Amino acid sequence: MSVISPKAHRLGMVGVGLAAAAITAVLFWPVLLNPNDYFFRAGGDALQSYYATAFYGLHDLGNRFTGMNYPAGEHFNYPNLQPLVALAIALLERLGIPAGRYTVGIVNVLPLLSLVATPVVMYAILRRTRMPVLYSGVLALLIGFMAPQVLRLDGHISLSYACFVPLLWYCIIRMQENPRQWRWYVLFGVGTLLFGAVMLYFLACGCFFLLGHVLVLAWQQPRLRPWLGRMVVAALLPLLIFRGYLWATDHVADRPPNPYGLLVYVASPNTVFTPVVGPLHDWWQETWPWSDTDNFEGFAYVGLVATATLAVSVLLSVVAVAWHRRWRRLGRPALPLHLRTGLWAGTLLLLLACGIPFKWEWFGWITEHSGPVKQFRSLGRFGWPFYYVVTTYTAYCLYRLYRYLRRRHWGVVAWAGVPLLLLWGAEAYWQVSTRANDVQQGTGASDFLNPNSGLAAQFSWTKRSVQDFQAILPIPYYNMGTDKFDISGSSNSIFQADKLSAVSGLPLLACYVSRASVGQALQHIQLLSSDMVAKELLPTFPNRKPILMLVTPDYLTPGEQRVVKLGKLIAATADGSLYELPLDSLAATALPRERAKAAALLPTLQPRPNGLYVTSPLGVVVDSFDKAADRRGRLGAGAFYEAKDQFHTLYDGPVPTPADTGQYEASVWMYGKSDYGYGNMRVKMFDAQSNVLGEPIVDGRKASEIQGNWVRMVVPFRVKPGTVRMQVLYETRDFLADDLLIRPAGTDVYYYTGTGAQRRLVKNTYPLTP
């Protein structure tokens, strides 16, 4: 690195910052003029970030978020609210500064400021990598504006802070340069905790990156081994502090232990080395349509110039080993120390981002016992450090090649690198401009937190007040986050519910929270269950105020239609309708009526084998698995259980009524607190030659019939002509099920379970008596 005064170095950083600010201003000028009027995306995780941050800032304080999952609420680290940002807004509100109403603008501006800061940090790193001022400034801008976090601006806004990973890498670089200075360890630890308070993945990414450096330094740098203990402490302490904080403050004990996505949301060579947006991406997909770059979570694209540089480097390394026996060069290339160790550490994290070794079948035991890693289910995000290291390495190689050619008096050839930089710049522009255009489409966000607009304004017309209600029930209903249920409502109901909740302060009887409590989700979704099921959530409410039901003009399921009929219309607008839903109406069940009906009906029915009473002459199948080895039954002692991830055969035999081609349903109750997801249930019908005549399938994540900790899965099907045999199959893992029933539509099946005082009457697998 050329000698330069500290003042000149600071001026260089200022120049890069001003250039980055100018580029950001040009690209995002409409947003910067009125940041509070733009939704970077008016749905999905982006909308939840706006809503949760605004609700917390306006109505909460401390570590509990009360906006969703009423009445329990949530630990404020789990909703997509950027805890550090939300806490700052809440504190400003308590000081009398109305920051909450400008939450949308604050959430928008912060990642754009990060976009300005990223080239400044990269400039500092490039200068420490022995590159001149002007060149470092240009490359810092290219690397910063092509950062993978830029692609998160219109989705996971909390992941779009591009400067966080380079800042942590800069601290790691300074640790290696002067391992005696404690301040870099302290800055790294404090930085990871602060960044983790915005999004936990940044904490994990930085700590894992430093641990990767520890491994590489222990292998390659004997002189630094005495200081590796400090690095280990700096890497592990933030993780332990954060874990201890959650242990001490999180009131939920049944978050899902195996969240979906560990081997799905991963990086791949295509998401790292092939174009992901812009004209080159379109051309690439047309030329090689088999290449998959659709896994958004795996995006860490380094650019074609960096890809080519890596390919040439690998080729030269192979030549050096094969022809010159320079084995040492393979592991220790002639690079600045921090760049060499960063390449190795970044590569280790890239392997993790690709799901290695978890996706290898013979390493399944590692996956089984990697609980903390499973919680970081989007492993593809750990590829981000690789991007910054490889692009820095590419910048270094291009500069060293330029100097080499100049020394050899091949000046004309040396300037051949300019087209490469232009290509790099074009890719960076395509990436950042694509997102800039995307985020400028969602205008009108300033109305989101306006209490005088939308459904909230209807209270002044109806002479009602939000204080008359205790919570909002959105219909279509949504409950997402357990990775067991995927009841997604509609974009309209989510938007209107979020808006009304944020401005009114009424919490939602719905959930859009990562790693949400399974038990609480069961109780919430049970509100949509039939009137054969008592609603276990209602007794936990703190008062008897009615529920404010918000219904948007979308398709409603039968369960949602039943609940809407229980309410009283208050107001109707184009955005949606408001209903008053009394708790007594929602709590009422059909059990008293069904018991009276059974008392009158059973004496008229002839008992069938196994004590069944059936209201039609058609055949039925009932299996309570009373003799099964597993004794964790639902109504009796026995239950079907298999631990393996496979198709489980619940029934394999003749159709209940030969030659009947009517409508049937197959149902079974699955234990809802199993360690894995709910999978799917299917009915396969076969002819005499074992050909499959039909195979209706139902997604277990859409179930809404819940009793206690058991979830009822139902597959409606019509028996195909020629069917002689059928199977009822369930595909999942850790499968505990009970009370299989196959019956014709419109036919009821009664039977008794237990003996003596424990004897209970059951209708269609629903107990009618306690």
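I'm working on a predicted model, where local features need pLDDT of at least 70, side-chain atom pairs count only at pLDDT 80 or more, and totals for chains, interfaces and linings use all residues. Residues are numbered from 1 along each chain as its sequence is written, and side-chain values use heavy atoms, leaving out hydrogens and water.

I started with Asp739, which has a positive phi of about 60° although it is not a glycine. Asp739 sits in strand S23 (residues 735–744); helices (H or I, at least four residues) and strands (E, at least two) are DSSP runs, numbered from the N terminus. Its relative accessibility is 2%, so Asp739 counts as buried.

Then I looked up Ala659, another non-glycine with a positive phi, near 75°. I found Ala659 in the loop between strand S15 (646–653) and strand S16 (663–671). Is Ala659 buried or exposed? Ala659 counts as exposed, because its relative accessibility is 78%.

**Around S24**

Next came strand S24 (residues 749–753): four of its five residues are buried, so S24 is largely enclosed by the rest of the structure. Strands pair if DSSP finds at least two bridges between them. Strand S12 (residues 613–614) runs antiparallel to S24 and is joined to it by two bridges, with Val614 opposite Val749. S24 also pairs with strand S25 (residues 760–763), antiparallel over four bridges, and there I see Tyr750 opposite Lys763. The hairpin of S24 and S25 has six residues between the strands, and in it Gly754 takes a positive phi near 75°.

**Cis prolines**

I noted a cis peptide bond between Ile356 and Pro357, omega about 5°. Pro357 is in the loop between helix H15 (337–353) and helix H16 (364–368). Ile475 and Pro476 are also joined by a cis bond, omega about 0°, and Pro476 lies in the loop between strand S5 (472–475) and strand S6 (478–480).

Last, I checked helix H12 (residues 278–287) against helix H20 (residues 417–439): their axes come within 7 Å and cross at roughly 95°. Axes are lines fitted to C-alpha atoms, for helices over the stretch in contact, and angles run from 0 to 180 degrees between N-to-C directions. H12 and H20 are therefore roughly perpendicular (65 to 115 degrees; under 35 is roughly parallel, over 145 roughly antiparallel, the rest oblique). Gly278, Pro279 and Leu280 of H12 make the contact with Leu423, Glu427 and Trp430 of H20, contact meaning heavy atoms within 4.5 Å.

Notes: Buried means under 20% relative accessible area, exposed over 50%, partly exposed in between (1.4 Å probe, protein chains only).
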